[in-house]
Structure formats: structure tokens, C-alpha cells
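Reader: I would like to learn how to read a structure like this one. Where do we begin?

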Amino acid sequence: MNMPRRRSGPVFVGFGVLGAALLFELYFVAFAGPATRARLDREAGLVADLGLTDIALFTEARYTRHPSLADLNTPFQDHPMAFDHFPSGSIMPVPRLPGEGWLIFQPKERGQ
Amino acid sequence: MMTWARRQRALADYTLAALSRRKGKNIALVAIFSLVVFALSSAMFFAAALRHETTVVLRDAPEIVVQKLIMGRQDLIPGDVVETIAGFRGVTSAKGRLWGYYYDRINGANYTVMVPDDPALIPPVGYVAVGEGVPRARGLAWEGAPLFLSRYEGDLKRFDVDRTFSRDSALMTADLVLMNPQDFRAFFDIPEGLYTDVVATVRNQNEVATIVTKASNASPQMRFVTRADIERTYQKLFDWREGLLVVLAGAGLLAFAIFAAEKASGLSAEEAREIGILKAVGWDTRDVIAMKMWEGGLVSLGAFLIGTVAGFAHVFLFDGVLFAPVLRGWAVIYPDFALAPHIDGVQLMTLALLTVVPYMAATVVPVWRTASGDPDAVMR
């Protein structure tokens with residue numbers, strides 16, 4: 001007897017391949033774990049030795065290069081309500097640090 | 001069990017045959033759906049890996065940074081403040097730091113110029129250590145090429161490159177120029193006894209908040225940034241709900257909503273007729289719904305798998321190359337970094353559920369109404 005052509009065969013194989021690729025990627029994360037940890041430890045050591053506080057992802061302005069140390073008024077250099085000057089500012093929220101730049105009268109408002 | 005499996009296989013065969021009747025439309029559907037998942041999963045992987053790397057690496061950031069504010073701006077801090085801070089109970093050491101920015105007029109890049117905290121890493125006088133982005137931005141192609149920095153028209157200062165940080169730490173060091181304190185003071189014309197800010201270490205981590213409160217009462221014009229503050233800044237930066245991801249996620253979810261709405265708003269006349277015919281030739285309502293579940297499942301699961309696999313490859317094998325122009329902004333130096341592979345399982349599950357379940361529901365629900373009706377009425 002002639003079997004009718006089954007359409008599901010190749011499609012199931014395709015799903016199997018994609019599933020295997022996803023599993024391989026998950027395995028890759030686990031497999032690369034020790035090397036990754038070693039690299040991150042070296043990087044953390046460098047951060048401690050140099051005394052770094054911020055990531056060098058956005059280097060265009062003071063407040064995008066060092067968001068944690070920037071003056072609280074720098075994202076609004078032109079006017080308190082002005083739009084951000086640099087494109088990175090639209091990706092990066094303005095830090096909401098409980099620093100001395102705020103007028104906070106109650107210690108509990110400091111939000112530690 | 002065998003009968004059930006054979007039945008499901010036959011339903012899958014039928015569904016695929018039905019899908020291939022509108023081949024162009026369905027291929028386009030899977031392609032667009034995959035693209036939405038790809039954008040979302042890439043952003044998710046990227047943000048999760050960046051957050052992971054940042055959290056791990058910044059765990060040894062300075063415990064307390066003290067800045068002096070004058071008229072809302074950061075100002076140079078005099079050396080006697082260092083002793084005052086070191087005198088606070090619970091503080092083990094305090095040290096003045098020198099760092100600042102240098103705008104390179106030759107290529108328009110900003111460098112972060114620093115004197116390293118660790119004396120062992122301070123380069124000799126006349127030498128600098130640079131991040132991998134600096135030689136790249138300046139086109140210093142050969143090993144040992146000196147770095148010339150110009151502060152104003154007619155000025156040129158030569159530094160020899162002592163060390164270049166590798167790509168492994170590019171995320172933290174790409175734009176750094178490390179100098180000897182003597183060179184730093186001469187280059188920026190900073191008098192002895194003045195510092196950019198002060199870093200303090202404490203004996204007991206739990207006392208940081210108390211020390212900061214006491215210290216800020218004693219020196220109200222100072223601003224104290226703790227390691228927890230730095231951590232919070234970055235948590236917020238990579239938070240799913242704001243910042244980096246909100247743009248991509250917003251656009252993706254909107255596209256997805258249009259998909260689902262189009263599906264759920266009702267069946268086309270052709271689809272309704274098909275269901276009527278199936279019912280007329282003896283299919284059960286249950287069979288029709290099972291067939292539609294297959295349809296929704298094949299499309300959404302296929303799109304999820306394609307999108308996620310491609311998203312992972314994009315972020316971890318191709319270093320998120322499509323994001324670079326967005327993240328670069330107007331900056332001249334953008335770190336050439338490879339992210340450490342990291343997957344947040346909960347996020348991956350959320351993405352799977354968000355893509356597969358609503359789509360299947362949107363496929364099945366309108367069919368329910370039609371399939372439970374009279375075949376004759378449905379076909380008309």
C-alpha cells in the first residue's frame with residue numbers, strides 16, 4: 001500500500017533541529033560558565049584596583065559615562081525641564097540617588 | 001495512546017496542508033512573528049547579560065565616594081577633608097582620588113583620565129595605560145605608538161603607552177587613560193593638595209548607612225555615594241520596565257497586540273466555510289478545536305524557537321551588533337566587548353508564555369463560536 005505523503009515529517013524535524021539548537025545554546029551558557037567566571041573575576045579585580053565606579057558603555061557625556069557619580073543637575077544642562085541633549089540619555093534614566101543634591105528634610109525620606 | 005498519537009499526527013498533517021494553501025500569508029506571518037520575538041529576546045538576553053556582568057564586576061567598587069558640591073556642581077576637594085573623613089568612627093581608610101575627563105579635539109572622543117587607586121598599577125612618569133578604545137579611536141595601529149594629547153591650539157604632550165587593557169575588560173576600561181599623579185597634576189594644572197573626590201573604606205559593611213548619615217550631618221556640603229547607590233543606579237538602568245528595554249519591548253508588544261487583535265477579531269469568510277465543511281463531513285467540534293490548537297501552536301512555537309535561537313546568536317555570537325548603533329549615540333568610543341553568556345530562566349519562560357499562549361488563545365477562541373454552530377448556517 002502506498003503511504004500518503006506526510007507533511008508533518010519535515011516540519012517535526014525542523015522543530016527538532018530548532019529545539020536542539022536552543023538546548024545547545026543553554027548548554028553553551030553552562031559550558032562557558034567557568035571561563036566566564038574567571039574572566040569576570042579578573043575584571044572585578046581590575047575594577048577594585050583602579051577604583052572604577054561605572055561602565056564605559058556610553059562615553060559621550062559626564063552623566064552617561066558616570067551615572068552614579070554625576071551631578072544631579074547635569075542631565076538637564078540647559079533648563080530643569082529641558083529634553084536630554086545626548087541620544088544615550090533617552091536609553092539611560094536619570095539617576096535617582098539619595099544624594100546631597102536633593103532638598104530632603106526628613107532622614108527617612110532619604111530612601112536608603 | 002497509539003491511537004491518540006496517530007490522531008494528533010493526522011491533525012498536524014491536515015493543519016499543515018491547510019496552512020500551505022495560504023503559503024505566502026503564513027510564511028510572512030511566521031517571519032514577522034519571529035522578527036518580533038527576535039527583537040524582544042535579543043534585548044532580553046543583552047540586558048540580562050549586561051546586568052549580570054555589571055553586578056558581578058562592580059561588587060568591588062569603592063565603598064563610599066565623597067564629592068564636594070558647590071552651587072550644585074562638583075568641585076575639587078581639599079586634602080584636609082581626607083583626614084576629616086578618615087577620622088569618622090568606622091572608617092578604616094580614606095584616600096583622595098584624581099580623575100577627570102579629557103575631550104580629544106582630534107577625533108571628538110571623550111577619555112576618562114584617572115590615577116589608579118592601586119599604586120602597583122600607576123604607570124611611570126611620561127607613560128600612560130589605555131583602554132582598548134583609545135588606540136582604536138586614534139588609529140594607533142602599531143604596538144608602542146605614543147599618544148599625543150593636545151589641550152589647546154599649539155599644545156602637544158607626548159605619552160608613551162605602557163599598557164593597553166584587553167577586550168576582556170573593555171566594558172569597564174574602554175575609554176580609560178591612566179596616568180601618574182605627577183603627570184595628571186601637570187597636564188590638568190591641578191595644584192598639590194586638591195583632589196577630584198575621596199574614597200573611603202569601612203570596617204563593617206552594615207555600618208555604611210550610619211556612617212554616611214553621621215558624616216553628611218558633619219559635612220553638609222559633601223555628597224556621599226555608596227556602593228549600594230552605584231548598584232541601584234545600574235539595577236535601574238537595566239530594569240525591564242525602564243531605560244534600555246522599554247523602547248524595544250514597547251514596539252514589540254505593540255506589533256504583537258496588532259497580530260493578536262487581528263486574529264481574535266474574527267474569522268475570515270473562507271476560514272468559516274472551511275470549518276463548516278469539516279463539520280458537514282463529520283468532524284467533531286473537539287476535532288476542529290484541536291486542529292486550530294495545532295495551527296496556533298505550530299506558528300507561535302515555531303516563531304518563538306526561531307526568534308530565540310537567532311536572538312541568542314545575535315547577542316552572544318555576533319556581540320549584539322544590531323544594538324551597537326543605538327547604544328553608541330553620539331559617542332566616538334564604543335567598547336568592543338563580548339558579553340558573558342548569561343540567561344535568566346524566568347525571563348525566558350515569560351517570553352515563551354507571552355508569545356505562545358496569547359497567540360494560541362487568539363487562534364482558538366473565535367473558532368469555538370463558529371465550530372459549535374450548525375454547519376449549514378456556518379457555510380452560508
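Author: With strand pairing. Two strands pair if DSSP finds at least two bridges between them. This is a predicted model. In chain B, an open sheet of 6 strands has the order 5-6-10-7-9-8, and its pairing is mixed.

Reader: Which strands of chain B stand at the edges of the sheet?

Author: Strand 5 (99–103) and strand 8 (147–149) of chain B do. Each has a single partner strand, so one side of each is left without a neighbour in the sheet. From one strand to the next, the twist averages 35°.

Reader: In which sense do strand 5 and strand 6 of chain B pair, parallel or antiparallel?

Author: Antiparallel, over 5 bridges; strand 6 of chain B covers residues 110–114. Take one bridge as an example. B:Trp99 has B:Met114 in strand 6 of chain B as its bridge partner.

Reader: Which helix lies across strand 5 of chain B?

Author: Helix 6 (residues 181–188) of chain B. That helix also lies across strand 6, strand 7 (127–130), strand 8 and strand 9 (157–164) of chain B. Its angle to strand 5 of chain B is about 50°.

Reader: Now helix pairs. At what angle do the axes of helix 2 and helix 11 of chain B cross?

Author: Angles from 65 to 115 degrees count as roughly perpendicular, and those under 35 as roughly parallel. Helix 2 (residues 23–57) and helix 11 (residues 285–317) of chain B cross at roughly 40°, and their axes come within 7 Å. That makes helix 2 of chain B oblique to helix 11 of chain B. The crossing is right-handed. The residues of this contact divide into 16 nonpolar, 8 polar and no charged.

Reader: What is the angle between helix 1 of chain A and helix 11 of chain B?

Author: About 35°, with the axes 10 Å apart; helix 1 of chain A spans residues 8–31. This crossing is left-handed. Among the residues in contact are A:Phe12, A:Phe15 and A:Glu25 of helix 1 of chain A, and B:Trp294, B:Leu298 and B:Phe312 of helix 11 of chain B. By class, the contact has 16 nonpolar, 3 polar and 1 charged residues.

Reader: Last, the domains. How far apart do the C-alpha centres of domain 1 and domain 2 of chain B lie?

Author: They lie 48 Å apart. The assignment gives domain 1 of chain B as 2–57 + 238–379, and domain 2 as 62–226. Between them, 11 residues of domain 1 of chain B are in contact with 16 residues of domain 2 of chain B.

Technical notes. Residues numbered from 1 in each chain as written. Chains lettered and ligands numbered in written order. Predicted model: local features only at pLDDT ≥ 70, side-chain atom pairs only at ≥ 80, totals over all residues. Heavy atoms only, no water. Axes fitted to C-alpha atoms, helices over the stretch in contact; angles between N-to-C directions. Helix = DSSP H or I, 4+ residues; strand = E, 2+ residues; numbered from the N terminus. Parallel < 35°, antiparallel > 145°, perpendicular 65-115°, else oblique. Left-handed = near helix turned anticlockwise from the far one by under 90°. Nonpolar A, V, L, I, M, F, W, Y, C, P; charged D, E, K, R; others polar. Contact = heavy atoms within 4.5 Å. Domains from an automatic or database assignment.
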